[in-house]
Amino acid sequence: MRHVISLLIENEAGALSRVTGLFSARAYNIESLTVAPTEDPSMSRITIVSVGSDDIIEQITKQLNKLIEVIKVVDISEAAHIERELMLVKVRATGKDREEMKRMSEIFRGRIIDVTETTYVIELTGNTAKLDSFIEAIDRSLILETVRTGVCGIGRGDRILKV
Amino acid sequence: MVLTGAEIVIRCLQEEKVEYVFGYPGGSVLFIYDELFKQDKVRHILVRHEQGAVHAADGYARSTEKVGVALVTSGPGVTNAVTGIATAYMDSIPMVIISGQVPTAYIGQDAFQEVDTVGITRPCVKHNFLVKDIQELASTIKKAFYLAQSGRPGPVLVDIPKDISAMKCEYAYPKSVPMRSYNPVTKGHQGQIKKAVQLLLEAKRPMIYTGGGVILSDAADKLIKLVKQLGYPVTNTLMGLGGYPATDKQFVGMLGMHGTYEANMAMQHCDVLLAVGARFDDRVIGNPANFAEVPRKIIHIDIDPSSISKRVKVDVPIVGDLPEVLDDLSKLIAASSDRPDEKAVKTWWKQIDEWRGKDCLKYDRKSKIIKPQHVIEKLYEVTKGEAFVTSDVGQHQMWAAQYYKFDKPRRWMNSGGLGTMGFGLPAAMGVQLAHPGSPVACVTGEGSIQMCIQELSTCKQYRLPVKIVLLNNGFLGMVRQWQQLFHGNRYAESYVDALPDFVKLAESYGHVGMRVEKPGDVEGALKEAFKRKDDLVFLDFAIDPTENVYPMVQGGKGLTEMILSEEL
């Protein structure tokens, strides 16, 4: 099962490596990982997407909680939540493909944020499935480069992860 | 008051009432050593290898309720210490390691004797710190001591760059160091404790299984009270020996890979299992799938939530400090109108006594060659069961665990988790320093002892009268045993050729050496050795090289699939 684990951690040098080190040492899987400071700069928030049985996910959350610098851990995918990911795609945009790319970008509610005579950079946000479908929908041979941030997530409604 | 970083380090150690620092000097820690030199409250023990320093601090910690402290220099000082740190981590031993680091400005430049200490030790410490600001030095050391001994204990490393130890700043030792991210639970959940009491009192075939947590949290008294109150059988893990008196009739022996027949059978066939400060590891329950074949209700008390339901599904998890939780259990049981099911428990005991009847630890007592079991039994008799016993890793370790009956906690020091050969002698030094005048024995093998043999020199310098009980079979015995049983008698590299003359070796370090070759001489030699209260005596026992440790559960098999000595 796929799980989205959110955690608050002290914003200190080396804290991230404790998290990633834990995953590799215990052979847990990381699909994606995002990290940035929160509104309180002394804390960072990490979102990890991992795949594993319920037992493994339970161990992951317990082991994360055990790290001294980790303040709080929540498996936000246990209940209603929102996931978003940002993708930048650089595509070849010449001749008839130029118009087609613009159209596809509009359909997926993307934005073209860099234009040259031969290329576009398209910015797209959404959940993982949406970004995947965009890649599927356009002509693969026109993709020059893609970069994705990985998932960040937040609980819906009253579910709040805060100290 | 304004102090240098090095002065602050020593002040902090004094504030923490540290008696001994085990260490080895080097470039990056010279300022700290200079300050050590200028005072006499904290005594420094100069080892001969950094691994020895950490094991000695470890032995000191295991045999007391205090934090062990080691001091090493940067680079090779740290890498040599890593085995010791990992050993302490696996067994949750409270320890603070202070390491020197190259000056701040040199970090990352591949400077002389530079390693990424925080990176190298990260997976084998409870926590570690690199001190980059002298203002944070005192509070970091305070945090290190607090972390090392609270919650589930463990080693904490503080890496101090050389320039930080020379800088000056205003010093004040903080009384406490609140950490929003670290709040270990101590009080067990009352609802869960109630459920546990109910299960325990309804049990038909109850079993109590306790581990190193009982020793580390000083919960032995509370455990004994609870076990006596219930009248149920109790087993200890290798790490938990001494947590319950081995000579008591409710004790069914150690369990696990080399546990007794009765302990393993009872563990497998019980219907309610109370696990106390133990973690169901592979050497204890064997294959979890086999273990799960018999349905049973499991109550698991541990300070570390991640130890619960890690290898075995638990029905009643209780996270908390053992003495508190065991006390709560005792009180609730006393207050309850229910009583244990006497009839069922009597039948269960009958079954256990039948298993006991197998006498799984019997061995050939008429042998003309010295049997290792005989040596340990005599060691037990000669020391009246009062010795502090350290061991290395291998057959001798198992024989010591099986045949020395530990009645008290903190008397048995061994590397149970990491299985570190070389642990025994330096650990015995730490134990002897913590308990001057008490008998300390290091049970070892000719393979293990050579892994930290250099510490004989340290023992001479500080006059540590450790008694080394070497069970010499000329083989890496446990390796040979596995090769005999599972690899078609092909003894690949397990025969140790060209052994030193241990008597002369001991003498060359300035100690007393004795070689014992006949069963009839074992007792006399041990008596003679322990009579020499001021001498380190190195006893080299020529034991039967074909002797194996039984019972044995092969790795990956179920607990009841034991190989017994009589079956061979």
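Trainee: What makes the length of helix H6 of chain B close to the length expected?

Mentor: In this predicted model, helix H6 of chain B covers residues 137-149 and has 13 residues. The helix reaches 19 Å from its first C-alpha to its last, close to the 18 Å expected at 1.5 Å a residue.

Trainee: Which residues of H6(B) are buried, and what covers them?

Mentor: The buried residues are B:Leu137, B:Ala138, B:Thr140, B:Ile141, B:Lys143, B:Ala144, B:Phe145, B:Leu147 and B:Ala148. Their cover includes helices H1 (5-15) and H7 (162-166) of chain B, together with strands S5 (95-101), S6 (127-130) and S7 (155-161) of that chain.

Trainee: What follows H6(B)?

Mentor: B:Gly151 follows H6(B), and its phi is positive, near 55°.

Trainee: Why does B:Tyr550 count as buried?

Mentor: A residue is buried if 20 or more other C-beta atoms lie within 10 Å of its own. B:Tyr550 has 21 C-beta neighbours inside 10 Å, and therefore counts as buried. B:Tyr550 is found in the loop between strand S20 (537-542) and strand S21 (552-553) of chain B.

Trainee: Which residues does B:Tyr550 touch, leaving aside those up to four places away in sequence?

Mentor: B:Tyr550 touches B:Ile563, B:Leu564 and B:Ser565. B:Ser565 lies 15 residues away from B:Tyr550 in sequence, with a C-alpha to C-alpha distance of 5.7 Å.

Trainee: What kind of peptide bond joins B:Tyr550 and B:Pro551?

Mentor: The bond is cis, with omega about -5°. B:Pro551 also lies in the loop between S20 and S21 of chain B.

Trainee: Is B:Glu493 buried or exposed?

Mentor: B:Glu493 is exposed, because 9 other C-beta atoms lie within 10 Å. B:Glu493 is found in the loop between helix H20 (477-486) and helix H21 (502-508) of chain B. Its phi is near 60°, a positive value in a residue other than glycine.

Trainee: Which residues have the most contacts inside the largest nonpolar core?

Mentor: They are B:Ala70, B:Val96 and B:Leu539, in a core of 205 residues. Not counting residues up to four places away in sequence, B:Ala70 touches B:Phe22, B:Gly23, B:Ala53, B:Val54, B:Ala57, B:Ala81, B:Met95 and B:Ile97. A second, separate core has 10 residues, including A:Tyr120, A:Ile122, A:Leu124 and A:Leu131.

Trainee: How do you know that the radius of gyration of chain B agrees with that of a compact globule?

Mentor: A compact globule of 568 residues would have a radius of gyration near 24 Å, and chain B has 24 Å, so the two agree. The C-alpha atoms of chain B fill a box of roughly 70 × 60 × 40 Å along the principal axes. Of the 568 residues of chain B, 57% count as buried. The secondary structure of this chain comes to 22 helices and 22 strands.

Trainee: How many residues of chain A are in contact with chain B?

Mentor: 16 residues of chain A are in contact with 12 residues of chain B. On the side of chain A that touches chain B, helix H1 (15-25), helix H2 (54-66) and strand S4 (70-75) of chain A each supply at least two residues. H2(A) gives the most, with 5 residues. The residues of this side divide into 5 nonpolar, 5 polar and 6 charged.

Trainee: What scores does the model receive?

Mentor: The model scores ipTM 0.93 and pTM 0.96. Chain B averages a pLDDT of 97, and 100% of the residues score at least 70.

Methods. Residues are numbered from 1 along each chain as its sequence is written. Chains are lettered from A and ligands numbered from 1 in the order in which they are written. This is a predicted model: local features need pLDDT of at least 70, side-chain atom pairs count only at pLDDT 80 or more; totals for chains, interfaces and linings use all residues. Helices (H or I, at least four residues) and strands (E, at least two) are DSSP runs, numbered from the N terminus. The radius of gyration is taken over C-alpha atoms; the globule rule is 2.2 Å times the number of residues to the power 0.38. A residue is buried if 20 or more other C-beta atoms lie within 10 Å of its own, exposed if 12 or fewer, and partly exposed in between; C-beta atoms are placed from the backbone. Two residues are in contact if their C-beta atoms, placed from the backbone, lie within 7 Å. Ala, Val, Leu, Ile, Met, Phe, Trp, Tyr, Cys and Pro count as nonpolar, Asp, Glu, Lys and Arg as charged, and the others, Gly among them, as polar. A nonpolar core is a set of buried Ala, Val, Leu, Ile, Met, Phe, Trp, Tyr and Cys residues joined through C-beta atoms within 7 Å. The expected span of a helix is 1.5 Å times one less than its number of residues. pLDDT is the predictor's confidence in each residue, from 0 to 100.
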